[in-house]
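Dear colleague,

I am handing over the structure that follows, together with an account of what was found in it. Please read the account beside the structure itself.

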2 protein chains.
Amino acid sequence: MTYDPKHMKWWGWGNEETEFNAQAHPGFWPYAKSVLGIEREDFGKREWKIEDIELSESRVDEPFLGKLRAFLAPSQISDDAKERVVHAYGKGFRDLFRLRSGAAVRAPDLVVYPESERDVCLTLRAAAERDVTVIPFGGGSNISGCLERMETRRPAVSLDMRRMRRVLDVDVHSCTAQIESGIFGPDVEQQLAAHGVTLGHFPDSFLHSTLGGWIATRSAGMQSDKYGKIEDMVIALRMATPEGVLATRPVPKASNGIDVNHLCIGSEGTLGVITEATMRVHPSPELRIIPTYLFPEFEGGIEAIHRCVRQECRPAMVRFNDPDKTALSLAFRPPVSGLSKIASSLFKEYLRVKGFALPRACLMLTAFEGSQHSVARQVREVRNIYRQCGAISLGANAGKSFEATKYDFPYIRDFLLDRDVTTDVSETSTLWSNIFPLYQQTMAVLRASILESGAQPWVGCHISHTYQTGASVYFTFGFQQQPAREMEQYLRVKRAVQQSFIDHGATLSHHHAVGTEHLPWLEADISPLGVEAVAAIKHGLDPTNIMNPGRLQPSANPFDSWTRLADGTDFNPEISSVPRRAS
Amino acid sequence: MTYDPKHMKWWGWGNEETEFNAQAHPGFWPYAKSVLGIEREDFGKREWKIEDIELSESRVDEPFLGKLRAFLAPSQISDDAKERVVHAYGKGFRDLFRLRSGAAVRAPDLVVYPESERDVCLTLRAAAERDVTVIPFGGGSNISGCLERMETRRPAVSLDMRRMRRVLDVDVHSCTAQIESGIFGPDVEQQLAAHGVTLGHFPDSFLHSTLGGWIATRSAGMQSDKYGKIEDMVIALRMATPEGVLATRPVPKASNGIDVNHLCIGSEGTLGVITEATMRVHPSPELRIIPTYLFPEFEGGIEAIHRCVRQECRPAMVRFNDPDKTALSLAFRPPVSGLSKIASSLFKEYLRVKGFALPRACLMLTAFEGSQHSVARQVREVRNIYRQCGAISLGANAGKSFEATKYDFPYIRDFLLDRDVTTDVSETSTLWSNIFPLYQQTMAVLRASILESGAQPWVGCHISHTYQTGASVYFTFGFQQQPAREMEQYLRVKRAVQQSFIDHGATLSHHHAVGTEHLPWLEADISPLGVEAVAAIKHGLDPTNIMNPGRLQPSANPFDSWTRLADGTDFNPEISSVPRRAS
C-alpha cells in the first residue's frame, strides 16, 4: 500500500477524520480545566465550512495561466476555493485562529502541482516573466508562519510539491538515497525500508511534512541525537531557482569553497524550490527500545543528560520533561483499571520513601536503537549515570504509550482551541551552561506575560536534541482566551518568550524556522550583516524577488511582519477585529 | 613557554633550521631513486638568498598608508622585501618552484599585522576607500594556491593574522572555546590544555597553520573521524568585511534561515576576514594509542574500514596505505639493527606463510582516543573486524614512529625538490561504492600523465577521513623534472588527476580548498549557479571586490587562473620561461 499524502484539515491539524479522543485520556480535560482556571463546559461542537471563509477573488494573470497550460495538465492547476484555503497558511495558532475566524484573505491565487523538476523550472520561468510570486508548499505543517503570504501586490501561486515523491536511487553500500523533495515522512521510510535502510528523521510532524520542507526549514527529528538534524543528512541537492538549477555532487564532505548546499538548506522558499536531495541513510536498526525514568527534580536530570554526553553514551532520543510537563504527561495517561489503581498507590508510596516530592518529579523518555549488542551496552551505561543522579526506572510502559501516540499531540491543540484555549510552543537551543538559567528566566517571563494578558498560565518545558555543546529547550504554553483579544494575547505571549530567548543568549528557534513569527528577532540572531548576506544571495538567484517575497527580510520596524504585509498593506485589522464565527 | 609563530622558510616547508634528515631514514633516497629512475647523485647544496628574488617595486598607495598609520603602530606595517616574499605564496609545488626560480613578481605590496578586530575593520575600511585589495594570511601553509595574488591592477596588502592569537574564553561545562583566528595549532592546544580540553584538529599542517585558515578553507584534521571537520566544530564566528562585521550566536544548532556561519566557512578570504570563532571542544582524552595492521591487499582493507563504519566502531583516525604508499612507508623506516634484521626476516617468513604477497600488502594506521574503558572496547571491536578481513597486527612501533614524525612529511618534498624531483598531492572524497573504482581509475590516469610528461611515475594513495557515506582518497605522486619543462610537467599531471576526480563522481578537494589550482573544476563541482550564488554573496559583502579578487570566481576560460591573472595579465611567461637559478 502506498502512502496517500492527503491535505490536512484546513481548520486544524491532521486527517479530517481524526481528532483528539478525550475519552481515551479521561484525566486530561479535568487537568487542563484545573490548571487553566476553566469553569465552563458549554463549548458547542463547531463545524467548519469552507463556504464560510472570506476569500478574495483569485487574481490570476491570464497570460501566466496560458503559459502554465502549455506544459501542465489541467489536474496540475487549481484555483478552487478549498485548495486556496488549504494552501493559505501553515498550522500555527495564528494560522488556525484566522481560518477558524473565517478569514483567509491572503490565500494564494492559484495552486500548482508540479510532477517533475521540469514542471518546477517552467513554472518559475513563467512566474518570473509575468511577475507572479511563488510560495513552495510541502506538507503545510509549519507552525512559524512559513507559509503565510507576505506580499499581496502581485498574484501568488502556491507550488505544492507532493506529487514529486519518488525515491530515485538507493546506494545501500554508501548509505545514501536520492529522493524527490515532495515525499512525506511515512512514504520516505516505507520506500527506504524496502532497501533495509532508514533516514532516521522523525519530527513531530512526520506524518504531514515533506523532505523538501524539512530541508528548507532546518528541521530536527526526535532521534536527532543519533541521526543528526536534517542539515547533517544532506549529501547533495538540487534547487530550481528563477535563474536556473543549482546542483551539487553526492560526496561525503568537501573543501570546495563556500558550501552551497548550506545556501539552500534553511532558505525557506526564498531562493527557489528544492526538487530533490541525496540524503545520508542508515541500516534499519535491529532493535528499538524506549526506557523511561523519573528524576527527583529538573536540574539534576539535566546534569544526568550532560554526563551522558560527556561520557559518549547517548540515547538516540532524550526527552526530559520539567515538573509541569511531567504533570501533563501523567494527566494524559490512559484510564487506570482497579488493579492498576492499587499498583499506582503503592508506587506513590515507594516514591515517597525514595524521597521524591511528586510535584517536583520529572519524567525522562529515552530511546535506544541499533544492534542488540550496542543497545544493551548503551542502556546499561545510561542507566548507571541516571541512577547516580537519583533517577528511578519506570520500565517500558510509558515509553510504549509515547511511541503509540507521539504524532498525536498536535490534535490536542484543536481540542483546546474548540474550548477557547490558546496553546502553542516556542523552542530554542543553548549551551549546556545556559540551559537551566534560560529555563528559569523564560518560564518566569512566560508566566508573567500570560498573567499580564489576563489569563491563568500553564507553562511547561522539555529538553531534547542534545549535542556536545548544548541542547534544545522546548516550551509549551496555554491559557484561556479573552473574547476579541485572542490574537493580541497570543502575540504578547509569543513576543515575550522569543525576546527571552534572544535576551538570554539562545537562538530564535532550534528547528521551527524563522517564518513570520520569528522574523523580528532574525537580525539579533544572525546580525544585520548576516541578514544582508542572505538578501544578497536572494538578489543573485531571484533578481525579481518572486520567491516567497518578504521572508527572511526583516523590515525597518521589526514587528511589521506581525502586523503588516511586505507591500505595506495593513494587517492589524485582520488580526484583531475579524468577527468571531458564530459557533 | 608560549608558542612562537615564526614564518616558515620562504623557499620551502617549515622552520628555517629544520630539514629532512636523510641519514635518519637511510632507505628512503635509494627507494626514491629506484622508483623514479634517478641515476645521478650530483645535486649540489643550494642556498636560497632573498636578494636573488626578482621582486616588483612595492606600489603602496600613500593616502592608504597614511590611513593605516592613524591606527596601527609602525611594527604592524611592513614593505620589507623578505616580508613581501614570505607572503607572496603558500607552499604548493607551483609556489615553491617559482620562488626557488627567483620569481615573486606577484608579492603583495604591503604586509599588515592586525592585533584586534578593530585593526582589521579599519584596515578593510581604508582599503575599500583607496581601492586596495586585501589577502588574508594565516600560517601560509596552503598548497592549492590560496595565497597567490590573482589581480595586480590594484595594490595588494597581505593581512597576516598571527598576532590575534588569544583564547578569549573557555566554557568547560559546555565544551566551547572562543578563540581569535590568528592562533596556530600548537598554541590552540597548549592554551586549551590548561582547561583540560582539546579542539581535536590536527591537520598535517598543524604546526604552521591557523584557526582562521582552517575555517576559511574547510580544513580536516587527522582525527576528523572522531572530532569532525573544522566546519563541524564552528559554533559561532565573527567575520569582518568591507561592509561591517557579520557575527553569529554561540548555540549548538539553530533553525534561523540560511546558516550564515556556512557563508563564512570556506570563503577563502573572498568576503572578509574571520577574526574569531567559538569552537566545539572536547575533554582531553585519557588515552591515545595507535595500533598498526597489515592487510593482504587494498580492496579488502577498504572493506574492513567500511564494516567498522557500519558497525559504529570507528577509530579516531584511519590512514590506510595502498601497496605503493606502504612500500614508501617501509622505505622510510629508521635504520635497522642487526637483531632487528633477524626479526625482520622472521617476520617476512611469517607473512609468506600467512599468504601475504609483500608487493600487494597494505599498511593500516589507526588511532584511538578517549577513556581507558572506551578505547579498550573500540580497539577490540576494530581488531576483530580487521582480522576477519585478513589483517595481521603489527603492534605499536609503526604507530609510534608515525606519531613522532607525522608533521615532518612536507620536509621531504623540499629534499626532493633539491634533487630535481617534483612531488605533490591531490585529494578528494567520494561515496563508499565509488572508492575503489575511483582509486583504480585515478591511479591509471596519474601514471599515464606522468609517463606522457616524459618521466617515470611514482604514485601512491591512502584512504583517510571516513564518514557514514564515504571517505577521503588521497593521492601522492612524484617524478623527475625535465629541465625547463618543470612547470608544464606539473600542470599536466595536476590537471589529469583533478579531471579524473570530476569525471569519476568525486569532488575537487576534500580538505585543501579551491585556491588557484582547483578553480577550473569549481563549476563542475558546485554547478554554474552555485558559483553565481557565491558571487552574489561577495557582491553583497564586498561590493568593490577588494577581498582576494579573482578567487572562487572562474573566468570564461577555466584554465585562465592557471595561466593568467584575473586582470588579464599573462601569467604563462612566469611559469614556463623563468630562468632557472644557478645552484
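A:Glu268 is a buried residue, because 25 other C-beta atoms lie within 10 Å, where 20 or more are required. Please note that this is a predicted model. A:Glu268 is found in the loop that connects helix H10 (261-264) with strand S10 (273-280) of chain A. Its backbone also deserves attention: phi is positive, about 50 degrees, although A:Glu268 is not a glycine. Most residues other than glycine have a negative phi.

A second residue of this kind is B:Asn548, which is not a glycine and has a positive phi near 45 degrees. B:Asn548 belongs to the loop between H20 and helix H21 (560-563) of chain B. With 29 other C-beta atoms within 10 Å, B:Asn548 is buried.

The contact between the chains takes 75 residues from chain A and 75 residues from chain B. On chain B, the elements that each supply at least two residues to the side touching chain A include strand S8 (234-241), strand S9 (244-247), strand S17 (421-431), helix H17 (432-452) and helix H20 (528-541). H20(B) gives the largest share of that side, eleven residues.

Two sheets of chain B may be described next. One is an open sheet of five strands, with antiparallel pairing and the order S5-S6-S10-S8-S9. Strand S5 (167-171) and S9 of chain B form its edges, each pairing on one side only. Neighbouring strands of this sheet are turned against each other by 10 degrees on average, direction ignored. Helix H20 (residues 528-541) of chain A packs on this sheet of chain B, where it touches S8 and S9, and its direction makes about 90 degrees with that of S9(B). Within the sheet, strand S6 (residues 176-180) and strand S10 (residues 273-280) of chain B are joined in the antiparallel sense over five bridges. In this pair, B:Ala177 has B:Met279 in S10(B) as its bridge partner.

The other open sheet has four strands in the order S1-S2-S4-S3 of chain B, and its pairing is mixed. Its edge strands are strand S1 (77-78) and strand S3 (133-137) of chain B, each of which pairs on one side only. Strand S2 (residues 110-112) and strand S4 (residues 156-160) of chain B run in the parallel sense and share three bridges. There, B:Leu110 stands opposite B:Val157 in S4(B). Helix H5 (residues 117-130) of chain B packs on this sheet and touches S2, S3 and S4 of chain B, with a direction about 175 degrees from that of S4(B).

Is helix H4 (residues 93-100) of chain B mostly covered or mostly uncovered? Helix H4 of chain B is mostly covered, with eight of its eight residues buried. Among these buried residues are B:Phe93, B:Leu96, B:Phe97 and B:Leu99, as well as the charged residues B:Arg94 and B:Asp95. After H4(B) comes B:Gly102, whose phi is positive, near 95 degrees.

In chain A, strand S17 (residues 421-431) is also mostly covered, since ten of its eleven residues are buried. S17(A) pairs with strand S19 (residues 470-480) of chain A in the antiparallel sense over eleven bridges. A:Thr428 has A:Val473 of S19(A) as its bridge partner.

Finally, chain A is divided into domain 1 (167-283) and domain 2 (287-409). Taken over C-alpha atoms, the centres of these two domains of chain A are separated by 31 Å. Seven residues of domain 1 of chain A are in contact with nine residues of domain 2 of chain A. On the side of domain 1 that touches domain 2, the residues divide into three nonpolar, one polar and three charged.

Yours sincerely

Note on methods
Residues numbered from 1 in each chain as written. Chains lettered and ligands numbered in written order. Predicted model: local features only at pLDDT ≥ 70, side-chain atom pairs only at ≥ 80, totals over all residues. Contact = placed C-beta atoms within 7 Å. Pairing = 2+ DSSP bridges. Axes fitted to C-alpha atoms, helices over the stretch in contact; angles between N-to-C directions. Buried ≥ 20, exposed ≤ 12 C-beta atoms within 10 Å, placed from the backbone. Domains from an automatic or database assignment.
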